Each structure stands twice: as structure tokens, then as C-alpha cells.
Amino acid sequence: MPLIEYRTKEQQKKFYRSPGWIAKTKEIKHRDNYECQECKRQGKVYTDKHDPDKHKRLDVDHIKELEDYPELALDDDNLETLCVRCHNKKHNRFKHQYKKHKWDDEWW
Ligand SMILES: [Zn+2]
């Protein structure tokens, strides 16, 4: 069986729109109690349970990137619920803004 690959944006987009993935995200959010797992690790709780825009602010993240580990795309152990903020941070979308912030001090 050939390995499915998610190398291109187009392939990834297709994956994220697939019914299999959408069903899986519901399962994972439910498993994680609709809480951001990264916030939880930091001792905070982020849940959008009471958000009128229900569940819009939680994403399901691939711990090991979809691109690098396509075989783990739907593996429960490779998936966790993250809030949009942690998700963006993880993928360094705000790298430059965060870089000079004081919490970098912890490393020194
Ligand atoms: Zn979070």
C-alpha cells in the first residue's frame, strides 16, 4: 500500500477537509474534555465550553507534523486539543513578536 503523503498545501488542505479528519477532531476534543492541553500543562485552563461560538477556538494539533509523519495523521496518540493561541505559537506563526518577550529569560 503506498503511503499517503501530505507534502503540499493542497494535499494538506484536502486532508483537513476530509470527513475522516473532521470526525476525528470531534473525538479528540471530546477526549480532551474541550480543554487546551498546552494551557493545561502550564497550569491554566482554556476551555471554550461557554463560548457562544461553540468550539471554534480549539484546534486539534498533530504533535508530530502531518507533513513528516503522514502515517500518524489519524493516530489518537499523535493528536491533542490546542487553543488557537497555543497552536499558532507552536507553529511559530508569531515567532517574531514573541522572540524578545521576557519568558525567554527562563532559558538563561
Ligand atoms: Zn492553549
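Are C36 and C86 buried or exposed? Both C36 and C86 are buried (under 20% relative accessible area, where exposed means over 50% and partly exposed lies in between, with a 1.4 Å probe and protein chains only). The structure is a predicted model, in which local features need pLDDT of at least 70 and side-chain atom pairs count only at pLDDT 80 or more, while totals for chains, interfaces and linings use all residues. Residues are numbered from 1 along each chain as its sequence is written, and side-chain values use heavy atoms, with hydrogens and water left out.

**First stop: the zinc ion**

Select the zinc ion. Its protein donors (N, O and S atoms within 2.8 Å of the metal, or 3.2 Å for Na, K and Ca; water is not among the atoms, so sites may look incomplete) are the SG atoms of C36, C39, C83 and C86, at 2.2 to 2.3 Å. The donor residues follow the spacing C-x2-C-x43-C-x2-C in sequence. C36 belongs to the loop between α2 and α3 (37–41) and C86 to helix α4 (residues 84–90), so this pair ties together parts that are 50 residues apart in sequence. Helices (H or I, at least four residues) and strands (E, at least two) are DSSP runs, numbered from the N terminus.

The angles subtended by the 4 donor atoms are 106 to 115 degrees, which makes the arrangement tetrahedral; four donors count as such if all angles lie between 85 and 135 degrees. The ideal angle for four tetrahedral donors is 109.5 degrees.

R57 is 21 residues away in sequence and 9.6 Å away in space, C-alpha to C-alpha.

**Second stop: helix α2**

Select residues 19–31, which form helix α2. Its buried residues are W21, K24, T25, I28 and K29. Seen down the helix axis, they fall within an arc of 130 degrees (taken from the directions from the axis to the C-beta atoms), so they line one face of α2. The face turned away carries the exposed residues P19, K26 and H30. The cover over the buried residues includes α1 (9–16), β1 (58–62) and β2 (79–83). After α2 comes N33, with a positive phi near 65 degrees.

Select H62 in strand β1. H62 is buried, with a relative accessible area of 3%. Its side chain reaches the backbone oxygen of A73 at 2.9 Å. Leaving aside neighbours within four places in sequence, the residues in contact with H62 (heavy atoms within 4.5 Å) include F15, Y16, W21 and K90.

Key. The expected span of a helix is 1.5 Å times one less than its number of residues. A polar contact is a pair of N or O atoms within 3.5 Å; within protein, one must be able to donate a hydrogen and the other to accept it, and residues adjacent in sequence count only if both atoms are side-chain atoms. Four donors count as tetrahedral if all angles lie between 85 and 135 degrees; four count as square planar and six as octahedral if opposite donors are over 155 degrees apart and all others between 65 and 115; anything else is irregular.
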